[in-house]
Amino acid sequence: MNQKSFYDLLSRYENGNCTEAEKLWVDKWYHNLNSKNFKDLSSTALEEMQTNAWHNINNTERKPTPVLKVKRLWPKFAIAASIMVAFFIAGLYLVNYNHAEQSFLDENAGLNLISKTNESDSTMVIALSDASTVTLKPQANIIYPKVFAANKRTVYLKGSAFFSVSKNPQKPFYVYNQKLVVRVLGTSFWVKSATDNMPAQVAVRTGKVHVEENQKSSLFAFSKEKLAQPILLTPNQKGVFSEHHLNKTLVSKPIPLAEAYNIPTSLSYNFKEESIREIFKTLSEAYGIEIKSDNEQISTYTFTGDLSKKGLYEQLDLICGTISSKYYIQGTSILVSKN
């Protein structure tokens, strides 16, 4: 019953037009109002009585029964349970997140481990006991032994760092992070831990790098079928990890191999009426990247220009611009195609 209906009932009660059931019902409320006689009330008192009576009815109608009390307790219980679940999930996340690091610490418990964090705004170079060096990016952290074990060299990285590893085939070098395990013999490469905006990555400058998923990344063991297939990376290649998959592609700024290894080269990037086929061969040799075309006509074109002081992608932009074509990165190779 809403307020308008209640006032209508009182009017019909005053005029004697209500049913016996309605009359008994209103009489009950009059009795609760000190048994005042309806007809003895002034219009002002009547209006006040109607308002008070309506509020009493409204409150009574809303008074919860024991069942409703149980229901009202349920949201409180649900909120408490949600909070407990949230704390449980957060705790589980932290345990999972630190599981790879804790596993590394446990496996190297017998060694004198050092932990360093680059808290500056510039890079920090750390010399390891085997003459390898690590260049830490700002906010990156590395855990490493003061002296490596007899059979292998292992470090744990959080954040991004560039490694220049001394060659020692009898003592492989391993870089662990939350998602990946990187195995090398002697090479230089970047390792980047996963962030909210970027997946875990490994980019190779020199040598060869074996990359696999870190099986200790979670408190729960993954089946072999679910784990990412390991990959082998060579210079100017990059491995990107996401959702138990390791994909191979090219780095964002390929470097000529002669520059990366600091060795002399006779290759020239100053071309004069050189066929596109020969230019692609030169660039492929220079960067260690396969460059091909899907149209035989492209190979017959010629190009004239000095590309000596330009990066690979800028070189390709200029070449493709003169022959009305485009290039696409396909895995670890480059495909030049007609527009």
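Reader: In what order do the seven strands of the open sheet run?
Author: This is a predicted model. In it, the order of the seven strands is 1-4-5-7-8-11-12, and their pairing is mixed.

Reader: And which strands stand at the edges?
Author: Strand 1 (113-117) and strand 12 (231-233). Each has a single partner strand, so one side of each has no neighbour in the sheet.

Reader: What does the twist average from one strand to the next?
Author: The average is 20 degrees.

Reader: Strand 8 and strand 11: in which sense do they pair?
Author: Antiparallel, over four bridges. Strand 8 covers residues 180-184 and strand 11 covers residues 209-213. V182 has V211 in strand 11 as its bridge partner.

Reader: Changing topic. Where is C320 found?
Author: C320 lies in helix 8, which spans residues 312-322.

Reader: Buried or exposed?
Author: C320 is buried: its relative accessible area is 4%, and buried means under 20%.

Reader: What does C320 touch, leaving out residues up to four places away in sequence?
Author: With those left out, C320 touches S325, K326, Y327 and V336.

Reader: How many residues apart are C320 and I298 in sequence?
Author: They are 22 residues apart in sequence, and their C-alpha atoms are 9.5 Å apart in space.

Reader: Now the whole protein. How many helices and strands?
Author: The protein has eight helices and 19 strands. It has 339 residues, and 37% of them count as buried.

Reader: What does the accessible surface come to?
Author: About 20,400 Å², with 53% of that belonging to carbon and sulfur atoms.

Technical notes
Residues numbered from 1 in each chain as written. Predicted model: local features only at pLDDT ≥ 70, side-chain atom pairs only at ≥ 80, totals over all residues. Heavy atoms only, no water. Helix = DSSP H or I, 4+ residues; strand = E, 2+ residues; numbered from the N terminus. Buried < 20%, exposed > 50% of the residue type's maximum accessible area, 1.4 Å probe, protein only. Contact = heavy atoms within 4.5 Å. Pairing = 2+ DSSP bridges. Axes fitted to C-alpha atoms, helices over the stretch in contact; angles between N-to-C directions. Areas by Shrake-Rupley, 256 points an atom, 1.4 Å probe, with all protein chains shown as cover.
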